[in-house]
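Here are some notes for a colleague who is reading this structure for the first time. Please keep the sequence and the 3D view open while going through the points.

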Amino acid sequence: MPTHPASPDVDTIVAISTPPGRGGIGIVRLAGPQSLPIAAQLLQLTQPLEHARARFARVLDSADPNAKTLDDAIVTAFLAPHSYTGDDLIEIAAHGSPVVLEAIVRAALSHGARLATPGEFTQRAFLSGRLDLTQAEAVHDLIAAQTLDQARVAAQQMGGAMSRRVAPAKESLLHLIALLEAGMDFASGELDDVDVVPPSQIEAAILSVQTPLEALAASFRHGQMLRSGASLALVGRPNAGKSSLFNRLLERDRAIVTPLPGTTRDTVEESLALGGIPLRLIDTAGLRLQGDRPADEAEALGIARSHEALADADLVLLIHDATQTMTEEERTLAASLEGRPHLLVLNKIDLQGSDFSLKSTAFMSKGTNFSSQDTSSSLKGTGFSPYIPTRQSKGALAPEGTPAPILTSALTGEGLEELRTAILRALQAEGALADSGALNNLRQQEAVATTLQALATAQAANINGLPHELMLLDLHAALRALDSLTGATTTDDILGRIFSTFCIGK
Ligand SMILES: Nc1nc2c(c(=O)[nH]1)N(C=O)[C@@H](CNc1ccc(C(=O)N[C@@H](CCC(=O)O)C(=O)O)cc1)CN2
Ligand SMILES: Nc1nc2c(ncn2[C@@H]2O[C@H](COP(=O)(O)OP(=O)(O)OP(=O)(O)O)[C@@H](O)[C@H]2O)c(=O)[nH]1
Ligand SMILES: [Mg+2]
């Protein structure tokens, strides 16, 4: 484990740790071996600093030759190794005035500190072994969290959920490596050509490492969704009720709605949290039918944007007016969405007879197994063919066949709950949100994917009876990849890239 001795050649760093701007209180943080002596020169203490005890102090105006008081502050000292970073750390909580906080930082610089780089406090915590890399990343995620669910997941990760989750797999892998290496030493001695460990035992051992890591790899999608959210585009013919549904989902009248087709001219974007997942909802200009020309250039440009939103969205909601027959174009559009996550929404069901609504409800409640005979007469005239959704076990936003249509009325609100549920299901984000120790960034996902690849190669070598030396190379590669997940074997440039995305002062 890397350690960070409190030696004088380690820089003492300083930064404002509270957000830029004015606030009730603002905190300047100093970390490193010179923190205490530097603080002593900036402050007039009435009582000596003690570990983790808040003390009142006057902040001296260092620029003033008579060193008058600039502010009153509360100062806390954390002595190495019992601090956030692991080295001596001082916090000065002054009034939250940017000029005062900057003066404190400037004074600390003049006494030998240097400005902390983004994330450097957390980087030191990592380098001193107080946090592993997934925990350090979680600190960043927690600060960036936009929903409480995101914060909960980050907090679990910050508490070491990931390391705990991979620990048993790593233990098994180390055990297997030790076993094979011992066997090899043995074999190179007197007992040549003797397979000390039988292939079936190796196969089982590799499998016991693979299984939990595969489950971990599958958790990536969900973690990613919680971190970054998803974008949702509402597309369809003019007047289908896209903007009305958009407003319903947002629960406010954001987009303009009129009875005239071609009302929405440009894409309209709004954020929305659904089931703890941050979503970017995009209303688009209605797609005109062939031969049905856009009214003007603005509308034509708007339609071009609709196509872009359609191409970029993580999930497409194809909105169809249930009172209209589905056109060839819509069918083509629906077909082009195959293989991508999308939902078909039949809107304006309030305009159908009550008969329609009842049958539709029965149709929906049958669950997911529709057969062609089920082609409900309620859908007659809409042009929708029967759907046979298939469940896929894993895979990001995996297409699940053509989804069953969702029947809504933006006017009455009917079907909106079903639509919300269907959106979450399509994003595969239902169920336990705070899946403890889920992978939640590309770096983590790659570490696990590389581990699994190396394990698969090792397994193939085992099955093909290749020498253990070769298998050991793959197993060591797997171990290195697994260790990079928690940062034990992560290169400096990758570390640099990770911490540079943090706030200054964190
Ligand atoms: N004022 C303040 N608030 C803060 C932090 C901080 O550093 N300062 N934190 C972070 O930025 C977070 C809390 N995390 C922290 C984690 C560990 C330690 C720490 O010093 N731990 C020592 C024990 C300290 C003691 O003796 O009481 C240790 O574990 O050895 C401090 C904060 C959020 N709030
Ligand atoms: N009865 C009924 N009317 C609806 C429903 N949804 C929308 N409307 C009406 O249909 C008309 C068009 O609605 P919009 O939401 O503007 O349709 P749009 O798809 O955004 O249309 P464009 O922006 O032109 O592409 C408006 O008069 C709405 O009030 C619904 O579920 N039932
Ligand atoms: Mg509209």
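1. A helix, in the sense used here, is a DSSP run of H or I that spans at least four residues, and helices are numbered from the N terminus. Alanine 449 lies in one of them, helix α14. Please bear in mind throughout that this is a predicted model.

2. Alanine 449 has a relative accessible area of 36% and is therefore partly exposed, since that term covers the range between buried, under 20%, and exposed, over 50%. Along the sequence, alanine 449 and leucine 216 are separated by 233 residues, while in space their C-alpha atoms are 9.8 Å apart.

3. Helix α14 covers residues 442–463 and α15 covers residues 468–486, and leucine 466 is found in the loop between them. Leucine 466 is partly exposed, at a relative accessible area of 39%, and together with Leu470 and Leu473 it makes a nonpolar surface patch of about 280 Å².

4. Which residues coordinate the magnesium ion, ligand 3? They are Ser243, through its OG atom, and Thr264, through OG1, at distances of 1.9 to 2.0 Å. Because serine 243 belongs to helix α9 (residues 242–250) and threonine 264 to the loop between α9 and β9 (268–274), the pair ties together parts that are 21 residues apart in sequence. Serine 243 counts as buried at 9% relative accessibility, and threonine 264 is likewise buried, with a relative accessible area of 13%.

5. The structure holds two aromatic pairs. In one of them, phenylalanine 126 and phenylalanine 499 are tilted, with 6.1 Å from centre to centre and 40° between the planes. This pair links distant parts of the chain, 373 residues apart, as phenylalanine 126 sits in helix α3 (residues 120–127) and phenylalanine 499 in helix α16 (residues 492–499). Phenylalanine 499 also forms a tilted pair with phenylalanine 502, where the centres are 5.3 Å apart and the planes make an angle of 45°.

6. Taken together, Phe126, Phe499 and Phe502 form one aromatic cluster. Are its members buried or exposed? Phenylalanine 126 is buried, with a relative accessible area of 7%, phenylalanine 499 is buried at 1%, and phenylalanine 502 counts as buried at 6%.

7. Two further contacts bring a side chain over a ring. The charged end of arginine 29 sits over the ring of phenylalanine 121, at 4.7 Å from the ring centre, and lysine 506 lies over the face of tyrosine 84, at 4.5 Å from the centre of that ring.

Note on methods
Residues numbered from 1 in each chain as written. Chains lettered and ligands numbered in written order. Predicted model: local features only at pLDDT ≥ 70, side-chain atom pairs only at ≥ 80, totals over all residues. Heavy atoms only, no water. Patch = residues over 30% accessible without salt bridge, like charges linked within 9 Å, V, L, I, M, F, W, Y side chains within 5 Å. Areas by Shrake-Rupley, 256 points an atom, 1.4 Å probe, with all protein chains shown as cover. Salt bridge = Lys/Arg side-chain N within 4 Å of Asp/Glu carboxyl O. Helix = DSSP H or I, 4+ residues; strand = E, 2+ residues; numbered from the N terminus. Buried < 20%, exposed > 50% of the residue type's maximum accessible area, 1.4 Å probe, protein only. Donors = N, O, S within 2.8 Å, 3.2 Å for Na, K, Ca; no water. Phe/Tyr/Trp six-rings, centres within 6.5 Å; stacked < 30°, edge-to-face > 60°. Lys NZ or Arg CZ within 6 Å of the ring centre and 35° of its normal.
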